[in-house]
Amino acid sequence: MRSRPTTLLAAAGLIGAVALAACTPGSDSDSGQSAAPTGQVTTDPAKLGDVTLTVWDQEIRGGQKAQIEELNQQFQQKYPNIKLKRVSRSTDDLNTTLKLALSGNEPPDVFQANNGRPQMGSFVQAGQLLPLDRYADAYGWKDRYPESVRKYSSYSPDGKTFGTGSLYGLPQVGEVVGIFVNKAKLEKAGVSMPQTWDEFTKSLATLKGKGELPLVLGNLDKWPAIHVFGTVQAQNVQPDAIRTLGFGQKGGSWKSPENTKAAQTLVDWVDKGYFSKDVNGQGYDPAWQAFSKGTGAYLIAGTWLQADLGKAMGDDVTFVLPPSASGSPAATGGTGIPWAVSSKSKHPDAAAAYINFITSPDAMGVLAKNDNLPIADTAEQEAPNALAKDVFGAFGTAVEKDALVPYLDYATPTMADTIGAALQDLLAKKATPEQFLDTLEKDYSGFVSSNQ
């Protein structure tokens, strides 16, 4: 769990729970029995008879809420034999209640489970999730979702290995960290849109020389700098090495010349005044809101800011993947919270059919219409505005080129706190790059050695 205001994270300013039919957790499944299917998969929901599915989600904000309500209505109209009992909660509330519900006798049939080790990994370890591989084959999900996306919901059967193994969920939305660019600021400073990492770093000096703040970052919340460091790291470290570290797999090490160079780059940017002087004292929301009002030229952040920045800045803002130092793009990114199925569900075929419906190509169109970033066929969707078109195109490129590398706080149950605090120290120059990496290595290696 990270603290980004995204579908993967605790959402700020959430409204109350909404239920289509009932607010009582549970299903009409028998209690305490695993229903791992062994027979043939039925992919025609109309042939499943009268079924009630209890569905828990966290789609309670704006476009998220609108898309799931529309899709649920379509599903019920098309398959009236399957009744949806929707329980909608904030991400925090869902995280709090889901673990207890899955260990009980009446778990929801379908629910959203965060990708990382504290949720999906622990649920897999406990045998509480249904492996979806048979459904992936039956519905063609491996064609719909490339491996670069599926690995974010894949674990070994014992839950110890993240990023490979069986498929345990499907997300609806995607995320990628890139660069929001104030085009008017670049034009005023005589800077062309950078096409390479070298051009990008040189433009920082030019913008600073013109009296402009090159990079907007508010790191009071600690986690925003993870995205900035991840962007720099991706220009210096091979993607597979980042994936090993980010997924907390064996065989990696933070203590490398490439990671040292990435950490030193952030220190250099501090020394050159590319960030504001109060970088660790300003909150995330005030920082991006200042950018939206004309402060700074670049904002390294995720696609979840698309709607807010597009609304505030109109044609003055664009979004690009980080210009690559190697020629091959690499960017931090991932998925929204995947939809999973309880191993105790008595209706696994209906549950899988529901997931298939809300992740279908038609569903992606509904997501796009409601200003969400569809995770599948993204570049083919009709974007509702210019910035959304840039975002959709960037994410589509990242997926097509297998350019996504995981959020670094995925790695261990404690890495979010570890790397957040360590980056604050690095930016404040309370820790050297070597000390910064020693801190990360201690957390990573300690977890990996205990996760045998």
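Which residue forms a salt bridge with D240, and how far apart are the closest N and O atoms?

1. In this predicted model, the partner of D240 is R243, and the closest N and O atoms of this salt bridge are 3.0 Å apart. The two residues lie three residues apart in helix α10 (residues 239-246), which means that they are separated by about one helical turn.

2. Another salt bridge joins the side chains of K255 and D438, at 3.1 Å from N to O. This pair links distant parts of the chain, because K255 is in the loop between α10 and α11 (257-271) while D438 is in helix α18 (residues 433-450), 183 residues apart. K255 counts as exposed at 53% relative accessibility, and D438 counts as partly exposed at 36%.

3. Helix α13 (residues 306-313) has Q306, L309, G310 and M313 as buried residues. Seen down the axis of α13, these buried residues fall within an arc of 100°, so they line one face of the helix. Among the elements that cover them are β6 (174-182), α12 (284-292) and α16 (386-400). After α13 comes G314, whose phi is positive, near 60°.

How values were computed:
Residues are numbered from 1 along each chain as its sequence is written. This is a predicted model: local features need pLDDT of at least 70, side-chain atom pairs count only at pLDDT 80 or more; totals for chains, interfaces and linings use all residues. Side-chain values use heavy atoms; hydrogens and water are left out. Buried means under 20% relative accessible area, exposed over 50%, partly exposed in between (1.4 Å probe, protein chains only). Helices (H or I, at least four residues) and strands (E, at least two) are DSSP runs, numbered from the N terminus. The arc is that of the directions from the helix axis to the C-beta atoms. Contact means heavy atoms within 4.5 Å. A salt bridge is a side-chain nitrogen of Lys or Arg within 4 Å of a carboxyl oxygen of Asp or Glu.
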